[in-house]
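User: I'm new to reading structures and would like to go through one with you. Could you show me how to read its features step by step?

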Amino acid sequence: MKSTTSAFRSAASQALADVRLQQAHEVVYNGFHRARLSAAGATEDWEAQRTLGKAIKDHTIANLDYYLDMLANNVEKNGGKVYFASDAADANAYVRGIAEKNDVQTVIKSKSMVSEEMGLNHVLEADGIEVVETDLGEYIVQLAGEAPYHIIAPAIHKTKAQVADLLAEESKTERRETAEELTQQAREMLRGVFQRADMSVTGANFAVSETGSIVLVTNEGNGRMATSMPRIHVAAMGMEKLVPSAADLSAMLRILIRSATGQRISAYVTMVNGPRAHDEEDGPEEFHLVIMNNGRDRLLRDDSLREALNCIRCGACMNSCPVYRKVGGHSYGWVYPGPIGSIVSPVLTGLKDGAKLPAASSLCGACHEACPVKINIPRMLLELRAQSAEGVPDPLQRASGFGERMTWKAWQKGMMSRSRFEAGSSIGKLVAAPLKKDGWLKKMPPPISGWTDSRDFPAPASKSFGKWFAERKRD
Amino acid sequence: MPNVGMSVVNILEAQGIEVHFPPDQTCCGQPAFNSGFRNDARPVASRFLDIFEATDGPIVCPSGSCAAMVRNFYTDLFRDHPDELARAEKLARRVYEVTEFIVDVLGVEDLEVRKDIDATYHRCCHLLRELHVDEQPNALLENVDGLDLKPMERDEVCCGFGGAFSVKMSDVSTAMLDEKLDNVVATGASTLIAGDTGCIMHMQGGLRRRGSDVQVVHIAELLDSQSDLSRAEQR
């Protein structure tokens, strides 16, 4: 997927002005966020479970080569094929190759954010292959020609009326009204696609190294159908999305599902152990696992950013984030929106262009508090701000302007002496004096005019606390 | 906002504490650090260490954000500077946010103050989620005689300040502020209490701009028996 992270500000402004979108965003807090809080509250030892989740992921990522190797060996033992893709183009070429070799006409998809990174749908469509998303939300955004708005609720920004229009137009049948009717309509439309598909592409919520399994968590059953009906199943995963053992998987499923939707367990948890065995009646003839890097090694190599690879893509950080709730999912300009997206997207697609993403945070910490594996997202946002402000370690990623750098140099000079600090506030008082009205300013010059566009600003106090304290001691 | 500092001094002295104010102090370095300019933040933070290392006893700060900078973020700022890192870690153990100090160190939950007002309390982000100081201000507020504390929807949600964020991304920040202020006004309270001066300045600036007469006070002002909240506007 092409990145438009550099356009964050203009995209955010548009979303802020869109009343309908702003209403749609409310469900993120009132629905998902509250559901997570109540699920966590109803779970004994929730904090201990988060701590365990973090420990499992820390251990896995610290030994990533070992567990990837184990996973690949066990998938192959189960009769599957494993492909390590260095980037999206590499992964696309592999999947295209499978489709070409097998003369594939129709591909069904089960929700996969990695396939969004690859832009796989467009690649296959360009080869004349029919590609259909089967997760209802993904299907809706596919029909609308859009990218997912949220990693677990891709069409959360769409109203029922918009969905009705999209389904009616695509099916060329009567426009339906209620949620039940629309779901039924989508089922009817997708049924035939499921039946004629000769290949499926799914993601993987987890891969289990010791068993060589991949695990899909869904509520619609489309993941199970996609992994059992077509002749060929291709699963695509980021190289970080594995756990060592089935016991670890159980711990991770508990925190993933509660954090994502507030459910104790999703309607379907599907484990795929390779292609159909000789004595089995169902399942695909071929199973391929594509394990993609696509820049994740940059996170792995950086001590201060490695923790981002612990992410299990539950969406809790988005649901808790007051910025996401205002700017919405598309403003972030790449596959992963919200707090974790503000780390992953710029690192995977280029920090210089994506520097606005880590800047788009008040550092309120709601994401850190919500994360089921306790990822300290604010710390990493600060880290990326430093990398983009100072161009360290990579000077090519520096995104700060000369004026901004000089402003902070001047600030530093001012703060290095109390007399300069007080002189600064005296100048402030002098400048503010003719402008202030009962102690407040209505308008200030750039670069701080942004404040007074919507808020009054307090004029400096007539006497500083330091002066008051010093005079008081003398009395 | 000199009133906040004055109230902190009044509260602590009423508890029999001798208060010192190192006169050369300026800033902990947080503004530059949060903007990513660590090389500019570091000398300022280093100067903070010099000045406060020359003192004894607990260091009390009427801001969860500044306390969090020293306690949580100096480790990142001084990551590649082992000498200062060790000094920062040592100093951090002396730093307390003011309500945390009163309750956890002094062991006082009732400051025996009376304020006849109706108010609501905003739980500032860094106090709540960086320092995990939440029970302390609540306990102190509950024991204020005459205070009618009204519950607020989404009282844990950020007001949109975020330092330079409020200027750099002013439209996003303002949208967050509007949601917060709608929830404040919906309580019907005449006074909004908060624990961080940046957030207070932000919310008061927004309330004034929308013509609301809700006044915002720092929790230290509310807990100070000598403060006159009817004049808090003219700080």
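User: Which residue does Lys109(A) stand opposite in strand 4 of chain A?

Analyst: Start with the idea of pairing: two strands pair if DSSP finds at least two bridges between them. Strands are DSSP runs of E with at least two residues, helices are runs of H or I with at least four, and both are numbered from the N terminus. Here, Lys109(A) faces Val201(A) of strand 4. Strand 2 (residues 106-109) and strand 4 (residues 199-202) of chain A run parallel and are joined by 3 bridges. Keep in mind that this is a predicted model, where local features need pLDDT of at least 70, side-chain atom pairs count only at pLDDT 80 or more, and totals for chains, interfaces and linings use all residues. Residues are numbered from 1 along each chain as its sequence is written, while chains are lettered from A and ligands numbered from 1 in the order in which they are written.

User: What is the order of the strands in the open sheet of chain A?

Analyst: The order is 1-10-7-4-2-3, giving an open sheet of 6 strands with parallel pairing. Strand 1 (81-85) and strand 3 (130-133) of chain A are at the edges with a single partner strand each, so one side of each has no neighbour in the sheet.

User: How is chain A divided into domains?

Analyst: Domain bounds come from an automatic or database domain assignment. For chain A they give domain 1 (1-42 + 316-400), domain 2 (50-296) and domain 3 (417-474). Taken over C-alpha atoms, the centres of domain 2 and domain 3 of chain A are 57 Å apart.

User: How many residues of chain A are in contact with chain B?

Analyst: Two residues are in contact if their C-beta atoms, placed from the backbone, lie within 7 Å. By that rule, 52 residues of chain A touch 49 residues of chain B. Helix 20 (residues 377-390) of chain A gives the most to chain A's side, with 7 residues. That side holds 29 nonpolar, 12 polar and 11 charged residues. Nonpolar means Ala, Val, Leu, Ile, Met, Phe, Trp, Tyr, Cys and Pro, charged means Asp, Glu, Lys and Arg, and the others, Gly among them, are polar.

User: Which domains does chain B have?

Analyst: Chain B has domain 1 (2-103) and domain 2 (118-230). Their centres, taken over C-alpha atoms, lie 22 Å apart. The contact takes 23 residues from domain 1 and 25 residues from domain 2 of chain B. Helix 1 of chain B provides the largest share of domain 1's side, 7 residues.
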